[in-house]
Amino acid sequence: MFKDYDWLLFDLDNTLLDFSQTSKRAFQELSEIFDFHKPDSYNTYHQINAKYWHYFEKHKINAHDLRYGRFKEFLETLGSKADYTAVAEKYLQLLIDFSEWIPGAEDILKELSQTHRLAIVTNGLKEAQHGRLEKHSMKQYFEHIFISEELGVSKPHQDFFQQVHQTIEEPDKNKVLVIGDNPKSDILGGEKFNYHTCWFNYHQEKKHHNIKANFKLESWH
């Protein structure tokens, strides 16, 4: 599958690192530290967080608003008097502390970095992304790290991929493969830019069975 490509552009969350499990563990620890034990609090946060990411990707808010605003609204919804800035900063640190590889991902990077040129293409906040990349010594495998907060635009916007394309010296698009878990930001975004795509369906979702990707994977084993 990879042999026909020169560049492999990897998403980070739920493609190489298990963000779903990490975020749940981080939130649980956060609730212990700041004492906001309430039924369904994680689902409440998850819905608010999704809304803020949607606003961020639509350029309706900036990274600062995303980082702190989601926790300000969440704590207000719960009626908690915790300091939202302290909660937000601790959460980013816990994401790093609890970060874990997806099984097989480290081995595939070790292998592919010997034969291909690799880059990270991720939507996220730079502190959490760089912190986790450094924790797992991942940067050694990649020539470039593209993080939406630093580029000022998020996947699936074409300007994100255009900045990536220019930085990797504008190779033949048929020689570039985007690998990610998100049907919209990774697969649709990459496809619209005329890159080839590989959907990493880590959670084995059935609702996206009609997704148009050149390749589909469910694990790195």
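The count of salt bridges comes to 11 here, a salt bridge being a side-chain nitrogen of Lys or Arg within 4 Å of a carboxyl oxygen of Asp or Glu. Side chains of opposite charge can pair when their charged atoms come close. The model is predicted, so local features need pLDDT of at least 70 and side-chain atom pairs count only at pLDDT 80 or more, while totals for chains, interfaces and linings use all residues. Residues are numbered from 1 along each chain as its sequence is written, and side-chain values use heavy atoms, with hydrogens and water left out.

**Salt bridges**

- Lysine 155 pairs with aspartate 11, and their closest N and O atoms are 3.0 Å apart.
- Because lysine 155 sits in the loop between α7 (148–151) and α8 (158–167) and aspartate 11 in the loop between β1 (7–10) and α1, this pair ties together parts 144 residues apart in sequence. Helices (H or I, at least four residues) and strands (E, at least two) are DSSP runs, numbered from the N terminus.
- Lysine 155 also forms a salt bridge with aspartate 186, with 2.5 Å between the closest N and O atoms.
- Aspartate 186 belongs to helix α9 (residues 183–192), so its pairing with lysine 155 links parts that are 31 residues apart in sequence.
- Shared partners join Asp11, Lys155 and Asp186 into one network of salt bridges.
- Lysine 155 and aspartate 11 are buried, as is aspartate 186; buried means under 20% relative accessible area, exposed over 50%, and partly exposed in between (1.4 Å probe, protein chains only).
- Arginine 67 forms a salt bridge with glutamate 149, where the closest N and O atoms are 3.1 Å apart.
- Arginine 67 lies in helix α3 and glutamate 149 in helix α7, so they tie together parts 82 residues apart in sequence.

**Charged patches on the surface**

- Lys58, Lys60, Lys184 and Lys192 gather in a positive patch; patch residues have over 30% relative accessible area and no salt bridge, with like charges joined within 9 Å.
- Lysine 58 is placed in the loop between α2 (41–57) and α3 (63–78), and its 44% relative accessibility makes it partly exposed.
- Glu29, Glu32, Asp35 and Asp97 form a negative surface patch.
- Aspartate 97 is part of helix α4 (residues 84–97) and is partly exposed, at 41% relative accessible area.

**A buried threonine**

- Threonine 22, in helix α1 (residues 19–34), is buried, with a relative accessible area of 3%.
- A polar atom of the threonine 22 side chain lies 3.4 Å from the backbone oxygen of phenylalanine 98.

Note on methods: Patch = residues over 30% accessible without salt bridge, like charges linked within 9 Å, V, L, I, M, F, W, Y side chains within 5 Å. Areas by Shrake-Rupley, 256 points an atom, 1.4 Å probe, with all protein chains shown as cover. Lys, Arg positive; Asp, Glu negative; His and termini not counted. Charge placed at Lys NZ, Arg CZ, Asp CG, Glu CD. Polar contact = N/O pair within 3.5 Å; in protein donor to acceptor, adjacent residues only side chain to side chain.
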